[in-house]
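The sequence and the structure come first, and the description follows.

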Amino acid sequence: MPQYSIKKYRKVFLSTLVLLISNVLWSNILITEFMASNQQGLEDFEGDTSDWIELYNGGADAVDLEGWFLTNDKSLQNTWAFPVSTVIGPQSYILIFASGKSLVAAGGELHTDFKLSSKGEYLALVQPDGVTIEHEYKDAYPIQVSDYSYGLETNLGSILELLPENAALRYWIPVNGNSDSVWMQTSFNDSSWSTGTQAFGFEVSGTNYRPFIHADAPAMYNQATSAYVRIPFTVSNPGAISTLTLSARYDDGFVAFLNGHPVVRANAPIDLTYKSAATAANDDAYAVGYEDFDITKNRSLLVDGQNILALQALNLNASSSDLLLQVELTAAVAGTITNQESYFAQPSPGRENSLGLGIIGPLINDVTVPDEPIFQDDVLNITVTISPSLSAVAPETAMLHYFPMFEAEVSIRLFDDGGHNDGAVNDGIYGAAIPEGVAAPGEMSRWRILREISREVPEFTRLILSVTMGDQSITEQSSLILTWRLFCLFFTGL
């Protein structure tokens, strides 16, 4: 059964086709995405969640990568060579697992002899001479986050409605075959034909098609099974078009010609004449829904300026009480890969990327979790490791917020100065102290860690933790840490 779609959903589907068709960077083959901390994502042939690297060929020709190199060491550009013929087609992807296994698995799955560092390191694709850099993440990519990928953002392309469903048309009901071979040509003179707007057809009984028909041809009833329709439309810069889709409502069949060349046949005979009929019926329930026909392979037929879509409408027989033909022609214009690096919350190995997360908060790890009873007169020293991501951070914005039970929150600064039980100066470990007496025995004290990206961009990474204060008479086993949970949509660790 043919695939039918509702108009608004069809356009959503088409929009997914316009991503990552061309690139604006200096290289044809790009490292478009990688994951350096794969915990629960893509599995390799052994079921391991190995690191992975995605390559994309944005060029017009296929490239065999045998003898090319991937490296994570700027001083050793021939770290790992593609060991076998590995052809990456134009506008296509391949995946390589950076597993350290150094093998080619069954089915051609490639594994490098190195793994990727989640702490950030150099990564490059090198041409077979071992010197020329095809694409690199210069110096080092930033610290990575578990199950988030990193790579190049893609700008969305656009959808163009080249020929709308209410387009103006000319039509003719042929009575002989004098024009059988020329009526669909762009040079054909149709000035004597009848005029109207879509949809074309007739309905002598019932009301299924009446809401669509604006070029009414009741003269076909009991007289003809074929009608000729010509619709002009204009295209600018056809070379930018990456996909082309013809969508049609029809009862019972049709043939479409783009600038004189046949591009779609539906319920149509191979040999057409002025009195051809449809080869099968298209039920009314299906006929009112659009059916999509991918004619991307014919997009080279488009010309800059005026084009002609010619249609031969076909009825099953002359006694049929109705006929319907309404079309749309929709094009997708290519998007572009940019040189903007970003994190991706939804990795897409082997597929196009989207827009990334943009500015994200720093990474918070190793927050103090007490493993002994906490008493009313104890000072609770809190330490936390805070690492930058893509953006620089302002040290003075690292804050500890604590509140006993449900009382007002108190905020104090976290320091990385070596004087707050935080280790060495500027080592990324921050410390602060919750003073004694903030909670009575049996009460809960909670705290959270916040750090801004910058004063101008008030985005935060947050953690919230809590602990119940113990009593001198309570045993160590009874003093419990109650919760440790993420408090917002940013990152808590590697």
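## A salt-bridge network

At 48% relative accessibility, glutamate 46 counts as partly exposed; buried means under 20% relative accessible area, exposed over 50%, and partly exposed in between (1.4 Å probe, protein chains only). The model is predicted: local features need pLDDT of at least 70, side-chain atom pairs count only at pLDDT 80 or more, and totals for chains, interfaces and linings use all residues. Residues are numbered from 1 along each chain as its sequence is written, and side-chain values use heavy atoms, with hydrogens and water left out.

Glutamate 46 forms a salt bridge with lysine 101, with the closest N and O atoms 2.7 Å apart. A salt bridge here is a side-chain nitrogen of Lys or Arg within 4 Å of a carboxyl oxygen of Asp or Glu. Lysine 101 lies in the loop between β9 and β10 and glutamate 46 in the loop between β3 and β4, so this pair ties together parts that are 55 residues apart in sequence. Strands (E, at least two residues) are DSSP runs, numbered from the N terminus. Lysine 101 also meets aspartate 44 in a salt bridge, at 2.7 Å from N to O. Aspartate 44 is in the loop between β3 (29–35) and β4 (51–57), and lysine 101 in the loop between β9 (92–98) and β10 (103–104), so the pair joins parts 57 residues apart in sequence. Lysine 101 is partly exposed, at 23% relative accessible area, whereas aspartate 44 is buried at 6%. Asp44, Glu46, Asp48 and Lys101 are linked in a network of salt bridges.

## Another salt bridge

How many salt bridges does the rule give? The count comes to eight. One of them joins arginine 170 and aspartate 190, whose closest N and O atoms are 3.9 Å apart. Arginine 170 lies in strand β16 (residues 168–172) and aspartate 190 in the loop between β16 and β17 (194–197), so the pair ties together parts 20 residues apart in sequence. Arginine 170 is partly exposed, with a relative accessible area of 28%, while aspartate 190 is buried at 16%.

Strand β26 covers residues 322–333, and twelve of its twelve residues are buried. Both of its faces are covered: one side includes Asp322 and Glu328, the other includes Leu323 and Val333.

Strands pair if DSSP finds at least two bridges between them. Strand β21 (residues 241–251) runs antiparallel to β26 and is joined to it by ten bridges; there, aspartate 251 has leucine 324 as its bridge partner. Strand β15 (residues 158–163) pairs with β26 in the antiparallel sense over five bridges, with leucine 160 partnered by alanine 331. Four bridges join the antiparallel strand β18 (residues 200–203) to β26, and phenylalanine 200 stands opposite leucine 325.

## A four-strand sheet

An open sheet has four strands in the order β7-β6-β12-β13, with antiparallel pairing. Strands β7 (80–81) and β13 (133–137) are at the edges with a single partner strand each, so one side of each is left without a neighbour in the sheet. Strand β6 (residues 69–71) pairs with β7 over two bridges in the antiparallel sense, and phenylalanine 69 has alanine 81 as its bridge partner in β7.

## Nonpolar cores

A nonpolar core is a set of buried Ala, Val, Leu, Ile, Met, Phe, Trp, Tyr and Cys residues joined through side-chain atoms within 4.5 Å. The largest has 37 residues, and among the members that touch the most others are Leu162, Phe233 and Val327. A second, separate core of 32 residues includes Ala36, Leu55, Leu125 and Val145.

## Aromatic pairs

The whole structure holds 17 aromatic pairs. Rings of Phe, Tyr and Trp (its six-membered ring) pair if their centres lie within 6.5 Å; planes under 30 degrees apart count as stacked, over 60 as edge-to-face and the rest as tilted. The rings of phenylalanine 34 and tyrosine 141 have centres 4.6 Å apart and planes at 50 degrees, so the pair is tilted. Phenylalanine 34 lies in strand β3 and tyrosine 141 in the loop between β13 and β14 (149–155), so the pair ties together parts 107 residues apart in sequence. Phenylalanine 34 is buried at 0% relative accessible area, and tyrosine 141 is buried at 2%.

Elsewhere, ring pairs link Trp172, Trp183, Phe188, Trp193, Tyr228 and Phe257 into a cluster.
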